Amino acid sequence: MRKPEIRERILEFIRHSFDERGYAPTVRDIVKGCNLSSTSVAQHHLNTLEKEGRIHRDPQVVRSIQLMQKDIVEVPLLGAIAAGKPIPVPGSDTWTNPPEETLKLTADMIGNRRNVYALKIKGTSMVDALIDDGDTVVMEAVPTAENGQMVAVWLKDEQEVTLKKIYQEPGRIRLQPANKQMKPIYVKPQNVEVQGKVVAVLRKVSR
């Protein structure tokens, strides 16, 4: 996992602690909750987050971590998507249904993108891309994608949707899992509608 992703995971763990307990976690809590190797690794990432202005700490006080307010963007959570075998959904207008809930994300997580939504992951076909069952993916709604990008794909004939890496091949589209134990899906180009591409992943925090 890249260092920025680890820091996002730490921030999410800190938010969970405030939401559920009402106070900040200790460094040891962060090591355990984020599966870090040591307190020194946690301290390194906390120091970086503090330099970036995303948290504030008082070195003389235990549990002194404070989240610094940044621009917040509300992103609709529109449901679930399969990272495994495609799952049936009611229709191609699924993405325009009223959201299950709204996620509050910092603006720097989505950049200047405007057409953004989130989906819960079901399945493990993208685990090698660090997307696991129960995680949440943040998507940018786009109609096209480049080879190798992770996309939400609507399969028109099957009336199903799936999350895979997309590759255009002669006369067909290959939807590739990021899991060595799973085989790719091959479909005709006219059967594929790209619903969006992955721009961020929110990891499920172990409890």
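1. A salt bridge is counted where a side-chain nitrogen of Lys or Arg lies within 4 Å of a carboxyl oxygen of Asp or Glu.

2. The model is predicted: local features need pLDDT of at least 70, side-chain atom pairs count only at pLDDT 80 or more, and totals for chains, interfaces and linings use all residues. Side-chain values use heavy atoms, with hydrogens and water left out, and residues are numbered from 1 along each chain as its sequence is written.

3. The structure holds six salt bridges. One of them joins Arg 54 to Glu 8, the closest N and O atoms being 2.8 Å apart. Arg 54 lies in the loop between α3 (39–51) and β1 (55–56) and Glu 8 in helix α1 (residues 3–21), so the pair ties together parts that are 46 residues apart in sequence. Helices (H or I, at least four residues) and strands (E, at least two) are DSSP runs, numbered from the N terminus.

4. Arg 54 is buried at 8% relative accessibility, whereas Glu 8 is partly exposed at 23%. Buried means under 20% relative accessible area, exposed over 50%, and partly exposed in between (1.4 Å probe, protein chains only).

5. Glu 169, Arg 172 and Arg 174 are linked in a network of salt bridges. Glu 169 is partly exposed, with a relative accessible area of 22%, and Arg 172 is likewise partly exposed, at 35%.

6. Arg 174 also lies over the face of Tyr 167, at 4.3 Å from the ring centre. The criterion is CZ of Arg, or NZ of Lys, within 6 Å of the ring centre and within 35 degrees of the ring normal.
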